[in-house]
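Biologist: I am new to this structure, and I would like to learn how to read its features step by step. Could we look at the model together?

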Amino acid sequence: MRMTARGLNRSTLARQLLLRREPLDAAEGVRRVVALQAQQPASPYLALWNRLVGFDPAGLDAAFTEHAVVKATLMRLTLHAVHADDHPAFREAMHPVVRATRLSTRFTASGLTAEDADALVPRLLEFADRPRSTAECEAWLGEQLGEPPRPGAWWGLRQYTPLLHAPTAPPWSFGHRPSYIAPRTGPLRTDPGPEASAAALRTLVLRYLSGFGPASVADVAQFAMVTRTRARAALADVAGLLERLTGPEGEELFDLPGAPRPDGSEPAPPRLMAMWDSVLLAYSDRGRVLPEAYRRVVIRANGDVLPTLLVDGYVAGVWRPVAGGVEATAFHPLADDVWERLAVEARSLVGLLADREPEVYRRYGHWWGHLPDATVRLLPGG
């Protein structure tokens with residue numbers, strides 16, 4: 001079967017619950033979409049608001065508090081919110097990457113070795129039997145070392161250890177001063193070894209395809225930030241469970257049999273997407289959702305990914321809250337009915353933000369001074 005570019009777009013939107021909102025609770029919503037970028041505390045909430053019928057932020061608050069959904073450093077070495085059932089395999093799949101990058105020069109410059117980290121991890125997990133602040137963890141590390149830790153020591157150890165972020169503060173469960181806690185879903189192998197990591201990567205690949213497929217070797221490697229060699233090997237190991245497809249440019253794609261693959265005729269409603277929404281970052285070919293002409297405008301040089309307008313399944317501009325509603329900046333002309341539907345979304349979003357953070361993403365407002373000439377409209381909040 002040969003996939004069109006538009007068919008790939010609609011497949012992604014279907015699995016990411018962006019063709020229509022689904023009546024799911026927060027934890028099941030996270031399970032369905034596999035992983036939500038979570039380096040900005042509000043973004044998992046806005047991501048689910050875009051995907052779930054009648055989304056109540058309190059439901060995600062509860063899921064984080066009850067550890068049904070967890071926040072941790074995972075794919076691409078960035079913070080993600082994932083279902084607790086997925087966390088062990090995702091973390092073990094990422095272990096070789098985490099070890100190679102977080103116990104490297106910056107960590108060893110502190111005077112510690114990878115072997116020191118291996119010895120410290122079980123003790124740190126035992127210490128983190130309840131939420132621990134950064135200050136508490138650094139003091140604990142100093143006690144273990146017999147002297148204050150040098151720069152790089154805690155940075156490497158906290159990311160190498162499979163710690164979760166513990167909810168700390170409103171309005172979005174996590175503040176800018178993190179707190180850490182050990183996983184509560186059972187024992188997690190802190191050094192799974194090559195075979196266990198390979199098995200975990202196979203699990204991650206199947207979960208990735210369920211939420212983002214069809215996908216290529218390069219896409220899998222991009223999502224997990226593993227080498228293409230590891231991605232190719234994982235796909236080969238589960239080949240009997242997969243269907244092979246051909247992409248628009250003749251590339252080989254992999255998918256789960258029976259997974260939703262609507263054709264390009266399926267309508268896609270407009271959405272106001274969160275910063276760092278996963279659909280913009282889950283593929284080697286960002287063009288599945290983000291047109292190349294807009295990529296450098298939306299994904300800034302320092303890695304910030306702006307909140308976007310999704311129109312007919314593709315990024316068409318950016319948005320930000322302002323006094324009186326939502327300011328929408330369209331990079332190309334939009335039809336009147338599209339603006340009307342974006343206005344409906346804006347009213348709903350302003351209502352969601354009112355009791356939480358009306359000016360969400362305000363700290364990123366400086367990027368609006370770097371936008372190209374475009375159509376700007378205020379979408380009223382009331």
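Modeller: What follows is a walk through aromatic rings, charges over rings, strand pairing and some backbone features.
Modeller: This is a predicted model, in which local features need pLDDT of at least 70 and side-chain atom pairs count only at pLDDT 80 or more, while totals for chains, interfaces and linings use all residues. Residues are numbered from 1 along each chain as its sequence is written, and side-chain values use heavy atoms, with hydrogens and water left out.

Biologist: How many aromatic pairs are there by the rule you use?
Modeller: Rings of Phe, Tyr and Trp (its six-membered ring) pair if their centres lie within 6.5 Å, and planes under 30 degrees apart count as stacked, over 60 as edge-to-face and the rest as tilted. By this rule the count is 13 aromatic pairs. One of them joins Tyr 45 and Trp 172, a tilted pair with 5.1 Å from centre to centre and 55 degrees between the planes.

Biologist: Which parts of the chain does the pair of Tyr 45 and Trp 172 tie together?
Modeller: Helices (H or I, at least four residues) and strands (E, at least two) are DSSP runs, numbered from the N terminus. Tyr 45 lies in helix 3 (residues 43-49) and Trp 172 in the loop between strand 5 (164-165) and strand 6 (179-181), so the pair ties together parts that are 127 residues apart in sequence. Tyr 45, Phe 64, Trp 172 and Phe 174 form one aromatic cluster.

Biologist: How is the pair of Phe 127 and Trp 140 arranged, and is each ring residue buried or exposed?
Modeller: The pair of Phe 127 and Trp 140 is stacked, with 5.6 Å between centres and 20 degrees between the planes. Phe 127 belongs to helix 7 (residues 114-127) and Trp 140 to helix 8 (residues 134-145), so this pair ties together parts that are 13 residues apart in sequence. Buried means under 20% relative accessible area, exposed over 50% and partly exposed in between (1.4 Å probe, protein chains only). Phe 127 counts as buried because its relative accessibility is 18%, and Trp 140 counts as buried at 7%. Tyr 45 and Trp 172 are buried as well.

Biologist: Which residue lies over the face of Trp 155?
Modeller: A charge sits over a ring if NZ of Lys or CZ of Arg is within 6 Å of the ring centre and within 35 degrees of the ring normal. Arg 106 lies over the face of Trp 155, at 4.1 Å from the ring centre, and Arg 21 lies over that of Trp 49, at 5.2 Å.

Biologist: In what order do the strands of the open sheet lie?
Modeller: Strands of a sheet pair through backbone hydrogen bonds, either parallel or antiparallel. Two strands pair if DSSP finds at least two bridges between them. Here 3 strands form an open sheet in the order 4-6-5, with antiparallel pairing. Strand 4 (132-133) and strand 5 are the edge strands, each pairing on one side only. Strand 4 is joined to strand 6 by 2 bridges, and Ser 133 stands opposite Ser 179 in strand 6.

Biologist: What is the phi of His 67?
Modeller: Phi of His 67 is near 65 degrees, a positive value in a residue other than glycine. His 67 counts as buried because its relative accessibility is 16%.
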